[in-house]
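I opened this notebook to record what I looked up in one structure. The entries follow the order in which I examined it.

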Amino acid sequence: MIEIERLKKIFNVSGIPRIAVNTIDLSVRRGEFFALLGPNGAGKTTTISILSTILKPTEGRVFVDGHDVLQSPHLVRQNIGIIFQDPSLDDRLSASENMDFHGRLYGLSRPDRLKQSEALLKMVDLWDRKHDLVRTFSGGMRRRLEIARGLMHHPKLLILDEPTIGLDPKTRRTIWEYVHLSRKQWGMTVFLTTHYLEEADSADRVGVMDEGILVAVDTPDRLKKMVGPEIVVLGTDIQSMEPVRNFLENQIGILEIHLGSEGEISFPLPHGEYNAINIVRKLPGNIRSMTIRKPDLDDVFIQMTGKNMSLNQENASPFHRVYRGKL
Ligand SMILES: Nc1ncnc2c1ncn2[C@@H]1O[C@H](COP(=O)(O)OP(=O)(O)OP(=O)(O)O)[C@@H](O)[C@H]1O
Ligand SMILES: [Mg+2]
């Protein structure tokens with residue numbers, strides 16, 4: 001569905017070149033759900049803008065459903081639906097006017113427009129508000145309307161640029177229900193950028209992008225396995241921390257130990273689900289709790305880019321520092 005070959009995009013900022021996308025290669029199969037993860041400024045929106053013919057590549061070639069974005073932009077646009085990072089509805093029009101306008105752009109007949117508009121507005125729960133101006137909609141309602149509009153012409157490829165940022169969990173879930181329903185109904189391919197781990201986690205494959213480079217592309221499971229073993233977190237009391245640390249270092253040979261606040265000790269342990277219990281039995285001091293967690297996409301992201309994906313750095317677990325050190 002998507003073929004990206006040696007794609008490069010350089011912006012000229014007051015005479016100084018800025019490389020936004022630095023020679024990436026990527027294929028996305030028909031029907032696949034692909035998620036692109038990356039910190040601010042990684043080049044995600046630029047890549048999406050090239051895929052959707054809004055920007056032209058500086059170098060390289062990009063094909064959508066076999067059509068070259070430079071040579072056949074019209075055919076590319078016919079096949080895609082886009083949900084932009086920035087809202088793009090006309091808020092002086094009503095919900096159904098926005099839908100109808102979009103349908104006309106894509107050459108849908110009037111009966112088709114009416115039928116599709118009704119089905120989709122019902123799907124996103126906005127049928128009751130169809131005559132209201134978008135100006136009077138809440139953020140979540142606008143987002144739902146954008147999704148409905150993006151699906152109006154049954155695109156083969158739906159491109160979503162951080163579609164759920166700032167939405168409440170219920171609205172996010174609802175939006176994903178619509179998207180997955182459409183995938184099932186007509187085998188739609190989905191290309192997504194997101195900051196939400198659980199959204200990327202349910203993708204078939206995830207691409208990690210940083211400073212214009214695709215640093216890794218694989219299934220979420222394989223990416224997590226690449227990061228390393230399980231992470232064991234022990235809850236102790238403050239007095240037990242040093243003896244436990246000494247024991248782990250000197251008797252077991254674990255070197256990457258992180259002492260957290262309030263008696264928390266964490267360390268990576270290969271096959272942690274089998275090995276942790278044997279170690280814990282021998283530990284000196286007072287062990288109150290033990291948690292074994294597998295690396296998540298946040299760990300993947302941090303290991304591969306040295307950056308924290310979550311917008312709020314304070315969300316990072318203390319263990320991340322240990323992982324970064326290992327690189
Ligand atoms: N029109 C433009 N002119 C100049 N530089 C640009 C332009 N658009 C993007 N850039 C630069 O290209 C780089 C990549 O930007 P892009 O918007 O693709 O990042 P992103 O991964 O989508 O980030 P975010 O998560 O913040 O949306 C940034 O350094 C940005 O400043
Ligand atoms: Mg962006």
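The entries below concern a predicted model and cover a sheet, a pair of helices and some backbone angles.

**Entry 1: the sheet**

I first asked in what order the strands of the open sheet are arranged. I read the order of its 4 strands as S12-S13-S11-S14, with antiparallel pairing. I then noted which strands stand at the edges: S12 (258-259) and S14 (287-293) each have a single partner strand, so one side of each is left without a neighbour in the sheet.

**Entry 2: strand S13 and its partners**

I looked up how many bridges join S11 to S13. Strand S11 (residues 230-236) and strand S13 (residues 264-269) run antiparallel and are joined by 6 bridges. Within this pairing I located Gly 235, whose bridge partner in S13 is Glu 264, and Leu 234, which stands opposite Ile 265.

I next turned to S12, which runs antiparallel to S13 and is joined to it by 2 bridges. Here Leu 259 stands opposite Ile 265 of S13. S12 and S13 form a hairpin with 4 residues between them, and in the turn I found Glu 262 with a positive phi of about 55°.

I also checked the burial of S13. I found 5 of its 6 residues buried, so the strand is largely enclosed by the rest of the structure.

**Entry 3: the helix across the sheet**

I asked which strands helix H10 lies across. Helix H10 (residues 272-282) lies across S11, S13 and S14, and I noted that it runs at about 165° to S14. The loop between S13 and H10 contains His 271, which I take up again in the last entry.

**Entry 4: helices H3 and H4**

I examined how H3 (residues 95-105) passes H4 (residues 110-123). Their axes come within 10 Å and cross at roughly 130°; the two helices are therefore oblique to each other. The crossing is right-handed.

I listed the residues that meet. On H3 they are Ala 95, Ser 96, Met 99, Asp 100, Gly 103 and Arg 104, and on H4 they are Arg 113, Ser 117, Leu 120 and Leu 121. I recorded the make-up of this contact as 4 nonpolar, 3 polar and 3 charged residues.

The buried residues of H3 are Ala 95, Ser 96, Asn 98, Met 99, Asp 100, His 102 and Gly 103. I found that these buried residues pack against H4 and also against helix H5 (139-151). After H3 comes Gly 107, with a positive phi near 70°.

I then looked at two residues in loops.

Thr 53 is not a glycine, yet its phi is positive, about 65°. I placed Thr 53 in the loop between helix H1 (44-51) and strand S4 (59-64). Is Thr 53 buried or exposed? Its relative accessibility is 17%, and because the limit for buried is under 20%, Thr 53 counts as buried.

His 271 is likewise not a glycine and has a positive phi of about 50°. At 52% relative accessibility, His 271 counts as exposed, the cut-off being over 50%.

Methods:
Residues are numbered from 1 along each chain as its sequence is written. Chains are lettered from A and ligands numbered from 1 in the order in which they are written. This is a predicted model: local features need pLDDT of at least 70, side-chain atom pairs count only at pLDDT 80 or more; totals for chains, interfaces and linings use all residues. Side-chain values use heavy atoms; hydrogens and water are left out. Two strands pair if DSSP finds at least two bridges between them. Contact means heavy atoms within 4.5 Å. Axes are lines fitted to C-alpha atoms, for helices over the stretch in contact, and angles run from 0 to 180 degrees between N-to-C directions. Angles under 35 degrees count as roughly parallel, over 145 as roughly antiparallel, 65 to 115 as roughly perpendicular and the rest as oblique. A crossing is left-handed if the near helix is turned anticlockwise from the far one by less than a right angle, and right-handed if clockwise. Ala, Val, Leu, Ile, Met, Phe, Trp, Tyr, Cys and Pro count as nonpolar, Asp, Glu, Lys and Arg as charged, and the others, Gly among them, as polar. Buried means under 20% relative accessible area, exposed over 50%, partly exposed in between (1.4 Å probe, protein chains only).
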